[in-house]
Amino acid sequence: MPHMSVEVARGDVAQQQIAHEQRYVDTIYRQLERSAKNAEALAREGHGRGRLGHEGGLVERDAMVFQAAKRLATLNAAHEGLVFGRLDLADADERPRYVGRIGLRDEHRDSVLVDWRAPAAAVFYQATAAEPRGVVRRRVLRCAGPKVVAVEDDLLDPDSPAAEALPIVGEGALLAQLSRARDATMHSIVATIQAQQDDAIRAPSRGVVSISGGPGTGKTVVALHRAAYLLYSDRRRYESGGVLIVGPSGIFMRYIERVLPSLGETAVALRSLGEVVDGVKGVRHDDPGVAAVKGAARMAELMRRAARQPVPESPDELRAFYRDENIVLGPRELSSLRRHLLSQGKRNRAPIRIASALVDQMWRQVTGERALERGKEEFADVMLGRPDFVGFVARWWPHLDATDVLGWLRDPGLLARLAVGVLSDEETALLAKSWSTEDAWSIEDVPLLDELRYLLGDIAVPSEPDDDPLAELADESFRELTTLGERNDRTPRTATRTEDDGYAHVLVDEAQDVSPMQWRMLGRRGRAASWTVVGDPAQSSWPDPEESSRARDDALGEKARYDFHLSTNYRNSKEIYQHAAAYAARSGLDADLPDAVRSTGVEPAALEVDDLEAGVRDAVVQLSGSVEGTVGVVVPTSRRSEVQGWLGSSPALYAEVGGPNARVSVLTGIESKGLEFDGIVVVQPAEIEAESVTGPATMYVVLTRATQRLATVALRG
């Protein structure tokens, strides 16, 4: 018989290996069910303790139910692809080591499945043929639910005596994974993490880990796996302090939101840049010119000036009669007092302190003997008891919300006065036009509101506690922070965090697009945090990278830095990426050009048409018929609704566009950031380029979103 370790086993051998692995996977799922039943029993026992009638029983109930709920959530999240790896080791005394999304032990407390984040699983990702690290064969199990459908092997140490008895199956796990069709969400790469990626995932937990690399190198998914690894390695710290994951858009956050739950982690806050500030949601982007002004660092000074302004239409005089004396605080005295109070701290101080300061100022005008005989204490009691005085305090120094203060800047006159020396006349005009309507706040307004919250000293009001605040812990869907379920109903289960609460870890994706004001907003939430920062400068849509870099350094502080660069493009076919790289060179972009590892043999198509509507429809119909997965139609911002209408009214595409199961999505260049599709149709690329000064960088991003097919459609001439 041929040496089975040096040839690819086919036919019966492959089926035998699948059947062999199926038997072991079946035992793992049985153990999973036993573990779930044990957790349910713990919850029932905990509720029983709550009926003992004393406080000790309630404490025990809360602790037991909480732990049971967490365990059930972890077990339920792990069902899909529970077991994905096997290690056959050179040590003949060691059994094969199976690797999965979570760790499991049998009734004897023996390990039957190793959590992928555990030290014992590290060699699954780190072993190579050049350095096998005691691994003879690495096997990836591909499963559909609990059923093993394929196995893919890597023989890492063919010279080991143990290799003699090991059949080698398949064409390679990584290439098999890369060839699969995409759907509407990102998937974990836990079964196919490469050594370069694993180094970034397991980097030191303290400090700042920067993950850079060109398109398709897996930066985002590696960063998400790092978040899962941190939660596993130091759960008490990261669950109690919280993990904040920030992405560029709501579309992007919906795309990635299943990755961490699939890895058994749910205790994270998922926020787009428009959702970082509690109670505020930016729902639209400003035009690029307006966005560039609102994101600039000098806007912090404009917000500081706004926060120190008198309340519009507030009283400018205080009059009181006390024991034969008229007391008057006019505009000059009130203005001086306001400046003094602002120098003492943030504006939203307790009203009684403002009233006390006014009383002190008024008492200085008291000179009559009758008044002086009674003393200042009685004077204060009288003033604080007068409705007219209390009403003056409420009107002169009300508790201000950030949205109120930013709303003041809808007044062009006030905006122009405050902007002197901060913004140019042209920039001021752009802001005035942006704020001239009562529309919802933009994504670029959100960091301005956060700046004002910080300056004003807003205090978050905790939610009212239930009669039994821990009763919901019995629900297996309980989460510590904002999670997938909470994102669906947008109803947080926890009290609002203030800017001083901070997080234990902050992950920022597409960091090259974060504006200086957005970095200030993020920095407040990560003063004591460790960070993971992901980006590619060549894909930046921010017009002043140096200014953004300074703001980023201020946000990250003096923390230790660890830099990781990913150099292999796993997303694009060689044909697509060579096309994108050629575009980057023509456009003068200083692009990081990773090596693409996969070829389809299909070159990108450049279509010129006389009828844009018909041309786009034809291109999308043809492309959607040639790929099994998703298709993205990337359009200029001004054409989004128009193209959506063209495709939605097409009988050939009606079922594919819109709706929960749609394969075809219409989106702008900015919205395409971080996403990937099996096929991409780019509509009027020249118009996308012309949308902003960073249009070529956006176009480069668009050209690198496709895994299998790429077509551009433009009007002829």
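The largest nonpolar core of this predicted model, where a nonpolar core is a set of buried Ala, Val, Leu, Ile, Met, Phe, Trp, Tyr and Cys residues joined through side-chain atoms within 4.5 Å, has 67 residues, and those with the most contacts inside it are Trp116, Ile211, Ile245, Val682 and Tyr700. Buried here stands for under 20% relative accessible area and exposed for over 50%, with partly exposed in between (1.4 Å probe, protein chains only). Helix H6 (residues 219-233) gives the most to this core, with eight residues; helices (H or I, at least four residues) and strands (E, at least two) are DSSP runs numbered from the N terminus. With contact taken as heavy atoms within 4.5 Å, and with neighbours within four places in sequence left aside, the partners of Ile245 include Leu224, Ala227, Met253, Ile256, Leu260 and Leu507. A second, separate core of 52 residues includes Ala269, Leu273, Ala307 and Leu448. In soluble globular proteins, nonpolar side chains tend to be buried together.

Residues are numbered from 1 along each chain as its sequence is written, and side-chain values use heavy atoms, with hydrogens and water left out. As the model is predicted, local features need pLDDT of at least 70 and side-chain atom pairs count only at pLDDT 80 or more, whereas totals for chains, interfaces and linings use all residues. The mean pLDDT (the predictor's confidence in each residue, from 0 to 100) is 83 for the protein, and 82% of its residues reach 70 or more. Over residues 1-9 pLDDT stays under 50, and it also stays under 50 over residues 459-500, for which the model has 72 contacts beyond four places in sequence. Where pLDDT is low, the predicted coordinates should not be read in detail.

Helix H24 (residues 612-626) has 15 residues and reaches 21 Å from its first C-alpha to its last, close to the 21 Å expected at 1.5 Å a residue, the expected span being 1.5 Å times one less than the number of residues. Its buried residues are Leu612, Gly615, Val616, Ala619, Val620, Leu623 and Ser624. Seen down the axis of H24, these residues fall within an arc of 150 degrees, so they line one face of the helix; the arc is that of the directions from the helix axis to the C-beta atoms. Asp618, Gln622 and Gly625 are exposed on the other side of H24. The elements covering the buried residues of H24 include strand E19 (605-609), strand E20 (631-635) and helix H25 (640-648). At the N-terminal end, H24 is capped by Asp611, a side-chain oxygen of which lies 3.2 Å from the backbone nitrogen of Glu613.

In helix H22 (residues 545-556), the buried residues are Glu547, Ser548, Ala551, Ala555 and Leu556. They cover an arc of only 165 degrees around the axis, which puts them on the same side of H22. The face turned away from this buried side carries the exposed residues Glu546, Arg550 and Asp554. H22 is followed by Gly557, whose phi is positive, near 70 degrees.

Most residues other than glycine have a negative phi. Glu313, however, has a positive phi of about 65 degrees although it is not a glycine; Glu313 lies in the loop between helix H11 (299-307) and strand E12 (318-322) and, at 84% relative accessibility, counts as exposed. Gln684 likewise has a positive phi, near 50 degrees, but is buried, with a relative accessible area of 11%.

Terms used
A polar contact is a pair of N or O atoms within 3.5 Å; within protein, one must be able to donate a hydrogen and the other to accept it, and residues adjacent in sequence count only if both atoms are side-chain atoms.
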